[in-house]
Amino acid sequence: MPFAPAPPPCPLTRRAFTAGLGAAGAVTLLASPGRTQPAEAEVTPDGTRILRARPGEALSGPLLRVRRDEELKVRLVNDLPHPLALHWHGVRLPNAMDAVPRLTQPPIAPGASFDYRFKPPDAGTFWYRAWSLAASERGLSGALIVDEPEPPAVDQDLMLVFDSRQAVPAAGGPSTEQLTVNGRPTFDIPVRPGERIRLRLLNASGTRLLAVRIDQHRATVMAIDGQPAEPFTARDARVVLGPGNRTDLFVDMSLAAGAATSIVAETATASATVARLVYQDAAVARPQPLPEIKSLPANPLPARMDFARALRLDLPLDPAALRPSARQPARGAPESTRARVWSSGDGAGAEPFGPALFSVKRGRAVMLGFSNGLRLPHAVHIHGHAVRLLDNLDDGWKPYWLDTIAVMPEQTARVAFVGDNPGKWLIECQRLEQPEKPLAAWFEVT
């Protein structure tokens, strides 16, 4: 359960996290019948991927794939009756390409389009989601895979996008939650004895805390929120993802031909076998197992942070909280202003997000404490940067990076990062039981 400073009780609480800020209409490309992986986007002759947002319902957006440091070109065509933009969740991209209406770019008007062009600096599993000023609609979203320059030795590399929807029985009656993966209620994944598969898990539900379990197998966690981690074995081959979180697993196929086992997804209100690993009656993939699993290649993230010179700021996760002062290490902090910490997350209004929480020079470390004095969990997502989750007793950190943090009730989560990506960057805050009213604040790296 690496995304949380403390594990939630089991079974899962009936409440749900949400990380999305307003949604958009669905895309037109869906996984076709019989397909286990998301469909790839339409591509123009010059290599531009096309995403079209239009009224309708879709549960699995097109898969985008590019190699690290290669240019990704995506054109978003807005066929909706209201403006929207795309946020590239977890990607440390140029600020102008990070869609925050009226903060980093104008929203895309109905009938217009916008070309996103950037070179992802990190290999890993990321995703995109639409940000619309019509906050009541669900969003266009899909997976973005950035391949390593030299991919690791695996036999299959599979993307599993988890979502949920409300299913209404044909005879009427109350709706029930239906879990889906890649837009489908369930499917089989053919495997062979001796194979090693990479499972890229994404919780795209936007409203649910999700647990994923792989029966009868050993699962090794390789990456969290797109960034390589020190490999460790997931207890009972089970991982928990908050909304927007990603986890990469390596799983060795250790059963015999003809066997089948389940991949189970669980939320607070539902549990279902969303996929099966089905062993083919065929020769083993190799006579000997693959060698011991090693770490994925590191991405260009800072190995050290200068905490002595860090800007330190405590942020109460309370919509009524007044703005605190940034604590400067050399001298006393200035007096607090009476501005609110958080503003509406829909990007509306003449000054949609208020003044900046803080401004730092490029290369300076930042330490943020998210204090949750309420009785509801919160999900916090930081744009444009990967952060370290700090230990509670000192300034050491956990052996992984995050971009989305779950803050449990009456607890404080402390994170640190280097402000090395110039621009205006958002911090999203979502209370568990109010998915329609996200909060937001922003900071600047100069």
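A: Two strands pair if DSSP finds at least two bridges between them. Strands themselves are DSSP runs (E, at least two residues; helices are H or I, at least four), numbered from the N terminus. This is a predicted model, where local features need pLDDT of at least 70 and side-chain atom pairs count only at pLDDT 80 or more, while totals for chains, interfaces and linings use all residues. Residues are numbered from 1 along each chain as its sequence is written, and side-chain values use heavy atoms, with hydrogens and water left out.

β24 (residues 364-372) and β29 (residues 411-419) pair in the antiparallel sense. Nine bridges join them. Look at Met 367: its bridge partner in β29 is Ala 416.

Now widen the view. These strands belong to an open sheet of five, in the order β21-β24-β29-β26-β27, and the pairing is mixed. β21 and β27 stand at the edges with a single partner strand each, so one side of each has no neighbour in the sheet. On average, neighbouring strands here are turned by 25° against each other, direction ignored. (Axes are lines fitted to C-alpha atoms, for helices over the stretch in contact; angles run from 0 to 180 degrees between N-to-C directions.)

Next, the rings. The structure holds seven aromatic pairs. (Rings of Phe, Tyr and Trp, its six-membered ring, pair if their centres lie within 6.5 Å; planes under 30 degrees apart are stacked, over 60 edge-to-face, the rest tilted.) Trp 88 and Tyr 128 form a tilted pair, 5.8 Å centre to centre, with 55° between the planes. Trp 88 lies in β6 (residues 84-89) and Tyr 128 in β8 (residues 124-132), so the pair links distant parts of the chain, 40 residues apart. Both Trp 88 and Tyr 128 are buried. (Buried means under 20% relative accessible area, exposed over 50%, partly exposed in between, with a 1.4 Å probe and protein chains only.) Trp 88 and Tyr 128 also share one aromatic cluster with Phe 114, Tyr 116 and Phe 118.

(A salt bridge is a side-chain nitrogen of Lys or Arg within 4 Å of a carboxyl oxygen of Asp or Glu.) Glu 428 makes one with Arg 129, and the closest N and O atoms are 2.7 Å apart. Glu 428 counts as buried because its relative accessibility is 2%. Arg 129 is buried too, at 5%.

Arg 65 has two partners to follow. It forms a salt bridge with Asp 147, at 2.9 Å between the closest N and O atoms. Arg 65 is in β4 (residues 64-67) and Asp 147 in β9 (residues 141-147), 82 residues apart. At 28% relative accessible area, Arg 65 is partly exposed. Asp 147 is buried, at 13%. Arg 65 also forms a salt bridge with Asp 157, the closest N and O atoms being 3.1 Å apart. That link joins β4 to β10 (residues 156-167), across 92 residues. Asp 157 counts as partly exposed because its relative accessibility is 24%.
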